[in-house]
Number of protein chains: 4
Amino acid sequence: MSPEDIRANFDRQSMMATLGADLAEVAPGRVTITAPILPGSRQQQGFGHAGLTFAIGDSAAGYAALSMMEDGQDVLTTEMKINLLRPAQGDRLVAVGEVVKPGRRITVVRATVWAETDDRRVEIALLQGTMLPV
Amino acid sequence: MSPEDIRANFDRQSMMATLGADLAEVAPGRVTITAPILPGSRQQQGFGHAGLTFAIGDSAAGYAALSMMEDGQDVLTTEMKINLLRPAQGDRLVAVGEVVKPGRRITVVRATVWAETDDRRVEIALLQGTMLPV
Amino acid sequence: MSPEDIRANFDRQSMMATLGADLAEVAPGRVTITAPILPGSRQQQGFGHAGLTFAIGDSAAGYAALSMMEDGQDVLTTEMKINLLRPAQGDRLVAVGEVVKPGRRITVVRATVWAETDDRRVEIALLQGTMLPV
Amino acid sequence: MSPEDIRANFDRQSMMATLGADLAEVAPGRVTITAPILPGSRQQQGFGHAGLTFAIGDSAAGYAALSMMEDGQDVLTTEMKINLLRPAQGDRLVAVGEVVKPGRRITVVRATVWAETDDRRVEIALLQGTMLPV
């Protein structure tokens, strides 16, 4: 699927706008989404909520899967596992999703999420899951 | 921890307010969170975003873990797996988190998320993960 | 699929024989496998190896999925998450696999594994995953 | 922990002997285990059983965690997710476990399992999980 079609699909995800997320990069099998840690995206200690980290990691992985599909297709997450390594603390989060194994029936994906502060980039989460073409 | 302290902790999670989520019920080892599928919480097809389903399921599970801890403690999700069964479609989502095995070092939790429409309640997601007391 | 065909499939899994596992019960969407903790199935502390717990939990879940399929079908595990709650210690392990949501394309399953000693039954693991019909 | 102590720990895992597994390489934070697909380690279609792939992947990850710990410590798997990419088919399986984030309370790990045939090496599984020092 073309980067333009992926962007159009991304723009239909109102959750991404709510989180202030940006589709930063689209390459075949690899998609980057960035997001600030908005005042409205926090957990109880003021860090980014696990739901924020999950949402952009999952979406980056989903669009990576979509980037290897035919025009007109779409994907849904069927399952996703996230390991949270460190607090989501910093100026912004960067999620990179990658296709591990594309498939007609299911596509296995991974994503890594970093928190960036100035020049420092810290790995905060790893995701591994399955996308279902629909 | 008392239901009041759990509610105070919940109220500090700005993400819950952003998603319109409500702490509906707190019992020892079992917490219910509900949320509408707001216009700003959607994926590309207009269903609730996986990030919404994850966020309330994960939070319900986390507060279930917290409900079995001492005053003054807090918990962080260390890992969570979600299987998405059906689209998040309906009037509102209901997430019930439960403690499977409390522990001093880690607490294993599960959550189920339903989508409700009038009198119909459909299971849309199952979560299984680990909370870390901090 | 009939219990007889499931048993025939189980008998072709040489790993089950190696582990001393027994197909104890087959009902539609629910299958029980038991196994002793053989001298050759241990981890470094003498408890049952996580590989043993996983193998019978995963197989119980897989056969539960198969029990809801047509004759002539087969299933493969595409992903499985296991949370280990307690050491695999006792006279034998009992794994019960259940179908959460059957489907033409994927079937979501869960399994619980207990360790039994005389009259005591302790939950030692929870599995949640996805089976792919082939 | 020294490679010798890790080897001694490995040698106490009778399950590894049952599966014919070999501790091939130990480096700080990275451990390789290999195993043939023995006649007694098969699933119903004659491929390696998911329990075999899981057992060596999980053990490689666990020993990678142990390799970064002090003498006298031990680790237990608390949770592990496996995505199976392709059938376990070939002359032998190779599992490489790596530490993603070491920690005093939990250590996050990953493992990759390949199936080798002559000069061909195919990725068959990805694992991501958590080890608990004990």
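Two strands pair if DSSP finds at least two bridges between them. Helices (H or I, at least four residues) and strands (E, at least two) are DSSP runs, numbered from the N terminus. By that rule, strand β3 (residues 75-84) of chain C and strand β3 (residues 75-84) of chain D pair in the antiparallel sense, over five bridges. C:Glu79 stands opposite D:Asn83 of β3(D).

This is a predicted model, in which local features need pLDDT of at least 70, side-chain atom pairs count only at pLDDT 80 or more, and totals for chains, interfaces and linings use all residues. Residues are numbered from 1 along each chain as its sequence is written, chains are lettered from A and ligands numbered from 1 in the order in which they are written, and side-chain values use heavy atoms, with hydrogens and water left out.

## The sheet of chains C and D

Twelve strands form an open sheet here. Its order is β1(C)-β2(C)-β4(C)-β5(C)-β6(C)-β3(C)-β3(D)-β6(D)-β5(D)-β4(D)-β2(D)-β1(D), with antiparallel pairing. The twist averages 20 degrees from one strand to the next. Axes are lines fitted to C-alpha atoms, for helices over the stretch in contact, and angles run from 0 to 180 degrees between N-to-C directions.

Two helices of chain C lie across strands. Helix α1 (residues 3-12) lies across β1 and β2 (30-36) of chain C, at about 155 degrees to β1(C). Helix α3 (residues 50-66) of chain C lies across β2, β3, β4 (92-101), β5 (107-117) and β6 (120-133) of chain C together with β3 of chain D. This helix runs at about 40 degrees to β4(C).

## The sheet of chains A and B

Chains A and B also form an open sheet of twelve strands. The order is β1(A)-β2(A)-β4(A)-β5(A)-β6(A)-β3(A)-β3(B)-β6(B)-β5(B)-β4(B)-β2(B)-β1(B), and the pairing is antiparallel. β1 of chain A and β1 (22-27) of chain B are the edge strands. Neighbouring strands are turned by 20 degrees against each other on average, direction ignored.

β3(A) and strand β3 (residues 75-84) of chain B pair in the antiparallel sense over five bridges. There A:Met80 stands opposite B:Ile82. Within chain A, five bridges join the antiparallel strands β1 (residues 22-27) and β2 (residues 30-36). A:Ala27 has A:Arg30 as its bridge partner in β2(A). These two strands form a hairpin with two residues between them, and A:Gly29 in the turn has a positive phi of about 80 degrees. In chain B, nine bridges join β4 (residues 92-101) to β5 (residues 107-117), which run antiparallel. B:Leu93 is partnered by B:Ala115 in β5(B).

Helix α3 (residues 50-66) of chain B lies across β3 of chain A together with β2 (30-36), β3, β4, β5 and β6 (120-133) of chain B. It runs at about 40 degrees to β4(B).

## Where the chains meet

Contact means heavy atoms within 4.5 Å. Buried area is the accessible area (1.4 Å probe) that two parts lose on being put together, summed over both.

| Chains | Residues in contact | Buried area |
|---|---|---|
| A and B | 36 of chain A, 36 of chain B | about 2,700 Å² |
| C and A | nine of chain C, nine of chain A | about 700 Å² |

In chain A, A:Met15, A:Gln44 and A:His49 lose the most area to chain B, together 24% of what that side buries. α2 (14-18), α3 (50-66) and β3 (75-84) of chain A each supply at least two residues of the side that touches chain B. The largest share, ten residues, comes from β3(A).

A salt bridge is a side-chain nitrogen of Lys or Arg within 4 Å of a carboxyl oxygen of Asp or Glu. The count is zero between chain A and chain B. It is also zero between chain C and chain A. The structure holds 16 salt bridges over all chains. One of them joins the side chains of A:Lys81 and D:Glu79 (2.9 Å, N to O). A:Lys81 lies in strand β3 of chain A and D:Glu79 in strand β3 of chain D, so the pair joins two chains.
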